[in-house]
Amino acid sequence: MAFVQFSQVSLAFGDRDILKNVSVNLQAGSKAALTGANGAGKSTLIKVMAGLLEPDSGTRVAQKDARISYLPQSGLTHHGCTLREEADKAFAFGYELNEELERIGDELQKNPPNTKVLLEKHDAILTELENSGWNRRGVTAEQVLIGLGFSHEDLDRQTEEFSGGWQMRIALAKALMVNPDILLLDEPTNYLDIEARAWLEKFLKDYNGGFLLVSHDRYFLDHTINVVYELFNGDLHKYPGNFTHYEKTREVELETLISQYEQQQAEIAKLEDFIRRFGVKATKAAQAQERQKMLDRLRENEIVIPESLKKIHFTFPAAPHAGRLVLTLEKVTKSYDGNAPVLKDVDLLVENGDRLVVAGHNGAGKSTLLRIIADAAGLAGGDSDFSGEVKLGAGVSVGYFSQDNAESLKGSQTILDLLESEAPLELIPRLRDMLGAFLFRGDDVFKSIDVLSGGEKSRVALLRLLLRPVNLLVLDEPTNHLDMHSKDVLMDALKDFGGTVIFVSHDRGFIEGLSTRVLELKPGRYRTFPGDYAYYMQRLEDEANGIVGTENLEGKSPLETSPSGSLRMSPSSHSVAHIPLSPKGQDPLKSPANAPVSTTKQSWEEQKKLASERRKLEREVAALEKEIETVENKLKEAQIKMSNPDVYSNGEKAKAVQREIDELSAQLENLNTRWETAAEKMEE
């Protein structure tokens, strides 16, 4: 049985211990994940296991002739040949074995005395080649490449034509297709879309060898591994079970650790205070020196809580009021270079509070659609080269995030200074925690924008966006460059967000945790599904099994419409039965009740009257928004009063404040109803 193992391995960089007496064994059937905070040394451990780094002490042993495939996080490029030819390089071991067979054949022709030994070796090599899949290498290479998202046409393209993310997919494909005994994968999901991740997930489930991988995708880990190794302060601890089980177990362990940590921090603060107050006084100098020695001992054995397991929560600034209809798309069509349209006649209604995920394969138009929405809001990075109409609802303000926008961040300001200059006053005290949640810890917050890497700029741009008071967030891959803990913080904040979210993500767990509706894009086609992502995946499975149909594929999914004409999920839509069409199969956007009226057919007097009514409604909406803000502030003040011990401990005072809260709440509800009515009239 092939294996690779450590025994008491240690490695230090300068005065920092990366690995301290670490022992681990990987063999056939090992399905392991390696976790730990950023900078804990996960990549270093994998490099040592791959034989690329020598440890300071301890031993690394690998079985003779064991094939070990290693994939680093980034940095691999390929050039000078086609994708098919590059894939064939993964089978170099097979070509070497064939050369050995030829050498043995030449020897056998000379009738040597050791013929039996040579024949046995010849048979052993033939068996190894057969077991390795050498004779099926062309088919295997094609299956792996297609599974990871390459097309048949890509196979004959030059490798240098592929972007950085696709270069890493080539490297991953080469690591997988040789069916190695041991796989060492450092962030293999970083550059994969959700379909490629699903394929890799199935590959690893069926894989007979052993593997150790690092990933920030909880869903992926839960479905592929059965043991977790945590690297923390140089020590490696083993936790049997999937990743969710590890987190629950670790949380229980941490309760005691956190209690000890808090006691130690209180003692440190007490000693520091004594030294600060009395260190300069001659009469207390001896005591201060003794306290300093005690403080130094505590510092040497200071308890550290893993950043990845600290619970941080933040909330967005209050979302400005918006109408029921946040966004309307009518006949949106987009093509590149006059070719077949990527988006064709897309009609879509997005309602306030929706969490709409845009799903589809690479090239289906997901990012394109988000750029078109950004253009409608007048934001940088938008795409105005499309036909059709995109309309924002009353009072809608948009925040847009994309990787391209992040790259445009420039300046000599530090990260902290930049965010403090833009954050609402109430969030400034929380900025250090929020930066920590987005992987900027310690002195990282003082880095200037110009020296940041692409991933760091992406995290700054995302956090910067989340500090702004908007009510529609359009997010293109917001989880890229975030670790698991950061994704959790972001998802919790988005769940509590008072506005609407339209997003694209390749993280299955993030999508399932956040989405309430799904828009599926295929080149030139689209469908909407009025349920969460789990429902959408079940629907696709049912369609593949012939349980439900795929009617109306060219336009909207077959949905019910509510009396208002907005899209609503059928009460039975989670069953395996067909989802009923709206009356007579009619598209709500195309129904007579919702058909736009051409102003060219209206008289000048009618147009003037409509314009006057609209201005009146705009003034009414603006006045109501001011009044709502005033009442909300009064309500907050009353609620703060109620939290005062002098109030809630006094029965009469408490009743009076409660009456005030009830009256303000009723007033606010009435104002919101009036505002919504006026805003809806503006949309008509």
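Student: Which residues of strand E5 are on the covered face, and which on the uncovered one?
Tutor: Ser69 and Leu71 make up the covered face of E5 (residues 68–71). Ile68 and Tyr70 make up the uncovered one. In a regular strand the side chains alternate between the two faces of the sheet. Strands here are DSSP runs of E, at least two residues; helices are runs of H or I, at least four, and both are numbered from the N terminus.

Student: What should I know about the model itself?
Tutor: This is a predicted model: local features need pLDDT of at least 70, side-chain atom pairs count only at pLDDT 80 or more, and totals for chains, interfaces and linings use all residues. Residues are numbered from 1 along each chain as its sequence is written, and side-chain values use heavy atoms, with hydrogens and water left out.

Student: Which strand does E5 join, and is the pair parallel or antiparallel?
Tutor: E5 is joined to strand E6 (residues 182–186) by 4 bridges, and the two run parallel. Strands pair if DSSP finds at least two bridges between them. Ile68 stands opposite Ile182 in E6.

Student: New topic. Which residues of helix H5 are buried?
Tutor: In H5 (residues 137–147) they are Ala141, Val144, Leu145 and Gly147. They sit on the same side of H5, because they cover an arc of only 165° around the axis. That arc is taken from the directions from the helix axis to the C-beta atoms. Buried means under 20% relative accessible area, exposed over 50%, partly exposed in between, with a 1.4 Å probe and protein chains only.

Student: And what is exposed on the other side?
Tutor: Val139 and Gln143.

Student: What do the buried ones pack against?
Tutor: Helices H2 (83–88), H6 (164–177) and H7 (194–206). Contact means heavy atoms within 4.5 Å.

Student: How many aromatic pairs are there?
Tutor: The structure holds 11. Rings of Phe, Tyr and Trp (its six-membered ring) pair if their centres lie within 6.5 Å; planes under 30 degrees apart are stacked, over 60 edge-to-face, the rest tilted. Phe150 and Trp166 are an edge-to-face pair, 4.9 Å centre to centre with 65° between the planes.

Student: Where do those two lie?
Tutor: Phe150 is in the loop between H5 and H6 and Trp166 is in H6, so the pair ties together parts that are 16 residues apart in sequence. Phe150 is buried, at 3% relative accessible area.
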